[in-house]
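Welcome! Take a moment to turn the model around on your screen before you read on.

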Amino acid sequence: MTKHNTGTRDEWLRARLDLLKEEKELTRRSDQLAQWRQELPWVKIDKDYRFDTDEGRASLADLFRGRSQLLVYHFMFGPDYTAGCPSCSAIADGFNGIAAHLANHDVMLWAVSRAPLAKLQAYKRRLGWAFPWASSFESDFNFDYGVGLTEE
């Protein structure tokens, strides 16, 4: 059994207020990082990236599906994985709910992973997900954007 500290209500309240102060600092820091992310310079994409999707082969431009913005979630699921990353999976559990809201703001959401499409589709079915998920298998896409790792 886990051992917990015990104390008075006043001790709890002081500790809770200290924690709240730290939580607020974390939120401010997270807001600052989000701002920096939004300020990243745009770069012209000059490679013809191709993805496997439920509808067939698609270019990066095709993933926009007529919207002006594309949100790509780099879901860690490599070619040799037997399942998706547990943290990525927990985050992706909310994608079905937000995809419609993003679409109403002219944003298309895609998850992209390096595993072959058949693996992604099986995992997606198992977890009951409906959001679009593309395979970048045998593509430089993940590596070009610093989200692909090798043993080196």
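Here is a short briefing on this chain, grouped by topic.

This is a predicted model, in which local features need pLDDT of at least 70 and side-chain atom pairs count only at pLDDT 80 or more, while totals for chains, interfaces and linings use all residues. Residues are numbered from 1 along each chain as its sequence is written, and side-chain values use heavy atoms, with hydrogens and water left out.

**The overall layout**

- The chain has 6 helices and 5 strands; helices (H or I, at least four residues) and strands (E, at least two) are DSSP runs, numbered from the N terminus.
- The chain is more spread out than a compact globule, because its radius of gyration is 20 Å, well over the 15 Å that the globule rule gives for 152 residues. That radius is taken over C-alpha atoms, and the rule is 2.2 Å times the number of residues to the power 0.38.
- Along the principal axes, the C-alpha atoms fill a box of roughly 65 × 40 × 40 Å.
- Of the 152 residues in the chain, 26% are buried (buried means under 20% relative accessible area, exposed over 50%, and partly exposed in between, with a 1.4 Å probe and protein chains only).

**Two domains**

- The domain assignment gives domain 1 (8-40) and domain 2 (50-142); such bounds come from an automatic or database domain assignment.
- Taken over C-alpha atoms, the centres of domain 1 and domain 2 are 31 Å apart.

- R16 lies in helix 1 and is partly exposed, with a relative accessible area of 29%. The C-alpha atoms of R16 and A61 are separated by 49 Å, and these two residues are 45 residues apart along the chain.
- Q32 also lies in helix 1, and its relative accessible area of 36% makes Q32 partly exposed. Between the C-alpha atoms of Q32 and A92, 60 residues apart along the chain, the separation is 24 Å.

**How the strands pair**

- Strand 1 (residues 50-53) and strand 2 (residues 56-59) run antiparallel and are joined by 4 bridges; two strands pair if DSSP finds at least two bridges between them.
- A hairpin of 2 residues connects strand 1 to strand 2, and D52 has R57 in strand 2 as its bridge partner.
- Strand 3 pairs with strand 4 in the parallel sense, over 6 bridges. Look for Y73, which stands opposite A111 in strand 4.
- Strand 4 is also joined to strand 5 (residues 133-135) by 3 bridges, and these two run parallel. Here S113 stands opposite S135 in strand 5.
- How many residues of strand 4 are buried? The count is 7 of its 7 residues.
- V107, L109, A111 and S113 point one way from strand 4, M108, W110 and V112 point the other way, and all are buried.

**Two loop residues with positive phi**

- Most residues other than glycine have a negative phi.
- R65 is not a glycine, yet its phi is positive, at about 50°. R65 sits in the loop between helix 2 (60-63) and strand 3, and counts as partly exposed at 39% relative accessibility.
- D106 is another residue other than glycine with a positive phi, near 65°. You will find D106 in the loop between helix 4 (95-103) and strand 4 (107-113), where D106 counts as partly exposed at 32% relative accessibility.

**The largest pocket**

- The largest pocket has a volume of about 1,200 Å³. On a 1 Å grid over the protein atoms alone, a pocket is an open set of points with protein on both sides within 12 Å along at least five of seven lines, and lining residues have an atom within 4 Å of a point. Grid points are joined across faces, edges and corners, and the volume is the space filled by probe spheres set on the points.
- By class, the lining has 13 nonpolar, 4 polar and 1 charged residues (Ala, Val, Leu, Ile, Met, Phe, Trp, Tyr, Cys and Pro count as nonpolar, Asp, Glu, Lys and Arg as charged, and the others, Gly among them, as polar).

Conventions: 1 Å grid on protein atoms, 1.4 Å probe; cavity = no way out; pocket = protein on both sides within 12 Å on 5 of 7 lines; lining within 4 Å.
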